Amino acid sequence: MESFNIRNIYHIQRQKIVIILLVLFCAGKASGQALNKQFYEYDRFIHFGFTIGFNYSSLKYDFNPKYWPNHQTPADTILKVNAQGTAGFTLGAVCDLHLGAPKSFLRDHFDLRVIPTLCLTERDFYFTMKDQSITTKQIESAFVDAPVLLKMKSDRFGNLRFYVIGGGEYSYDLSSTAGAAINPANPKISIYPNNIAYQFGAGLDMYFPFFKFSPEIKISQGLNNVLVPQNTIYSNIFSRFRSNFVYFSLYFEG
């Protein structure tokens, strides 16, 4: 199945870990101070913000038993497949609905969030051929994501509040080549533009005098098969692709 370069993943994640540690240190300093925005959950039904962050994207795949491992391709034979995820960039807006009546348990602990996001990413496949040459196929994507998430918050501790989040997501890939003509000399691996996934994660709300800042980590798992059957040696060996994302996001909400 998929192979990962542990050293590359470490370098990708190292900066994120440093940021998280700095954020937690600042949060600890802030928690002992006077309450900031103490009526934040009560005085409005809706608030807005924005988010920036990074993602690590890969494709989970299943092999087609008709072509793998008993190859039945008419020309070059593929001996091995390695898949490598890459780091990408996300930018989005936040629309947060405070549920329930003011000063109620529901209002204090549950939000409904809609976060339209632009997500840029790339996935690479490396095919080892019969003559030991390696062919690389890249799948670049520019997703417009529309997740709808339920945010469940803990009791507030000073200027801190932990939360978990989960829900569903619809994404459309603006870079999809599903309808493009196949180039026999250099066939691509194509994915369908429509993607449906479920998401879950956790984060930390930190209340400052003029805004709320929240680091969050979230996982997205695709549900539908996005592989486009193209009858090429590179796509025939697969029967199914499903998207897989890990997001690290920073939220700024007014």
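This is a predicted model: local features need pLDDT of at least 70, side-chain atom pairs count only at pLDDT 80 or more; totals for chains, interfaces and linings use all residues.
Trainee: How many disulfides does the structure hold?
Mentor: A disulfide requires a pair of cysteine sulfur atoms within 2.5 Å. Counted that way, the number of disulfides in the structure is zero.

Trainee: Is C119 buried or exposed?
Mentor: Buried means under 20% relative accessible area. C95, at 21%, is partly exposed. C119 has 0% relative accessibility, so C119 is buried.

Trainee: How are the rings of F127 and F238 arranged, stacked or edge-to-face?
Mentor: The structure holds 18 aromatic pairs. In the pair of F127 and F238, the ring centres are 6.3 Å apart and the planes stand at 65 degrees. Planes over 60 degrees apart count as edge-to-face. The arrangement of F127 and F238 is therefore edge-to-face.

Trainee: How many residues apart are F127 and F238?
Mentor: F127 belongs to strand 4 (residues 117-129), and F238 to strand 9 (residues 238-253). F127 is buried at 0% relative accessibility, and F238 is buried at 3%. Their pair links distant parts of the chain, with a separation of 111 residues.

Trainee: At what angle do the ring planes of F143 and F245 stand?
Mentor: This pair also links distant parts of the chain, with F143 in strand 5 (residues 134-153) and F245 in strand 9, 102 residues apart. Both F143 and F245 are buried. Their ring centres lie 5.8 Å apart, and the pair is edge-to-face because the planes stand at 85 degrees.

Trainee: Which residues do ring pairs link into a cluster?
Mentor: F127 and F238, whose ring centres are 6.3 Å apart, both belong to the cluster.

Trainee: Which side chain does a polar contact of 3.2 Å join to that of N236?
Mentor: N236 is found in the loop between strand 8 (212-222) and strand 9, and is buried at 14% relative accessible area. Leaving aside residues up to four places away in sequence, N236 touches N64, Y67 and N231. The side chain joined to N236 by the 3.2 Å polar contact is that of N231.

Definitions and conventions:
Residues are numbered from 1 along each chain as its sequence is written. Side-chain values use heavy atoms; hydrogens and water are left out. Buried means under 20% relative accessible area, exposed over 50%, partly exposed in between (1.4 Å probe, protein chains only). Rings of Phe, Tyr and Trp (its six-membered ring) pair if their centres lie within 6.5 Å; planes under 30 degrees apart count as stacked, over 60 as edge-to-face and the rest as tilted. Helices (H or I, at least four residues) and strands (E, at least two) are DSSP runs, numbered from the N terminus. A polar contact is a pair of N or O atoms within 3.5 Å; within protein, one must be able to donate a hydrogen and the other to accept it, and residues adjacent in sequence count only if both atoms are side-chain atoms. Contact means heavy atoms within 4.5 Å.
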